[in-house]
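These are my notebook entries on a single chain, written with the sequence and the coordinates open beside me. I went through helix packing, aromatic rings and a few loop residues in turn.

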Amino acid sequence: TYASIQSRIAISFYCVAFFIFMSVAVLPFTVMERGIVEKEVRNSYYHPVLYQVAQIFCSVPGAALLAFLTTVIIVPMTGLRDPLMYFCNMFLALVCAEALAQLFSHIVPHFIIGVALVAGLYGFFMLLQGFMLVPSEFPGWLRWTYNIAFHTYSWR
């Protein structure tokens, strides 16, 4: 029925938006850790690239676990037919969100500024992913944002 379709669309939007939005929680830790990392890099304990690779290896299992738990709860509850696709979608969206939050944590001087910027950007992405506003209704100067927001691809 139409109501059932609307419910599945809404829960898809909620899951993608909520879990991606929660990736801002990584900002305080990485901003506070930045001084330690800079000192260790200057002392030649390790290279900055190795630090980033270690960050990837540490964040991927958490994103996979979160995507798996979401899939186990949401797919049977909603009757979605492709749990592997749902898992991959959530996993890639979470990894992308974590990477963007990591990027901002290295750019901003204080984590409060980073949280505000990333939260604002994610809110902007949620608004323009095509759920709340249909892309054909976007003002002409905002049409490009539909393709920039990675929320668009995970929600579609």
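In which loop does Ser 44 lie? I looked this up with the caution that the model is predicted, and I found Ser 44 in the loop between α2 and α3, the latter covering residues 48-78. I then read its backbone and noted a phi near 60°, a positive value in a residue other than glycine. Most residues other than glycine have a negative phi. I also checked the surface and recorded Ser 44 as exposed, because its relative accessible area of 62% is over the 50% cut-off.

**Entry on α2 and α4**

I turned next to helix α2, residues 26-42, and helix α4, residues 83-107, which pack at an angle of about 40° with their axes 9 Å apart. On the α2 side I listed Val 26, Leu 27, Thr 30, Val 31 and Arg 34, and on the α4 side Glu 98, Ala 101, Gln 102, Phe 104, Ser 105, His 106 and Ile 107, as the residues that make the contact. Sorted by class, this contact of α2 with α4 has six nonpolar, four polar and two charged residues.

**Entry on α2 and α3**

For α2 and α3 I recorded a packing angle of about 145° and axes 11 Å apart, again with α2 passing α3 in a right-handed crossing. Here Thr 30, Glu 33, Val 37 and Val 41 of α2 meet Pro 48, Tyr 51 and Gln 55 of α3. The classes in the contact of α2 with α3 come to four nonpolar, two polar and one charged.

**Entry on α2 and α5**

How do α2 and α5 lie, and at roughly what angle do their axes cross? I found that the axes of α2 and α5 come within 9 Å and cross at roughly 145°, and that α2 passes α5 in a right-handed crossing. I wrote down Leu 27, Pro 28 and Val 31 from α2, with Phe 111, Gly 114, Val 115 and Val 118 from α5, as the residues in contact. The contact of α2 with α5 divides into six nonpolar residues, one polar and no charged.

**Entry on aromatic rings**

How many aromatic pairs does the structure hold? I counted three aromatic pairs, and I looked at two of them. Tyr 46 and Tyr 51 form a stacked pair, at 6.4 Å centre to centre and with 15° between the planes. Of these, Tyr 46 counts as partly exposed at 26% relative accessibility, whereas Tyr 51 counts as buried at 11%. Phe 87 and Phe 91 both lie in helix α4, four residues apart, about one turn of the helix, and Phe 87 is partly exposed with a relative accessible area of 23%.

**Entry on Met 132**

Last, I located Met 132 in the loop between α5 (111-127) and α6 (145-148), where its relative accessible area of 46% makes Met 132 partly exposed. Leaving aside neighbours within four places in sequence, I found Met 132 in contact with Phe 13, Met 126 and Leu 127. I also noted that the C-alpha atoms of Met 132 and Phe 21, which are 111 residues apart along the chain, are separated by 16 Å.

Notes:
Residues are numbered from 1 along each chain as its sequence is written. This is a predicted model: local features need pLDDT of at least 70, side-chain atom pairs count only at pLDDT 80 or more; totals for chains, interfaces and linings use all residues. Side-chain values use heavy atoms; hydrogens and water are left out. Axes are lines fitted to C-alpha atoms, for helices over the stretch in contact, and angles run from 0 to 180 degrees between N-to-C directions. Helices (H or I, at least four residues) and strands (E, at least two) are DSSP runs, numbered from the N terminus. Contact means heavy atoms within 4.5 Å. Ala, Val, Leu, Ile, Met, Phe, Trp, Tyr, Cys and Pro count as nonpolar, Asp, Glu, Lys and Arg as charged, and the others, Gly among them, as polar. Buried means under 20% relative accessible area, exposed over 50%, partly exposed in between (1.4 Å probe, protein chains only). Rings of Phe, Tyr and Trp (its six-membered ring) pair if their centres lie within 6.5 Å; planes under 30 degrees apart count as stacked, over 60 as edge-to-face and the rest as tilted. A crossing is left-handed if the near helix is turned anticlockwise from the far one by less than a right angle, and right-handed if clockwise.
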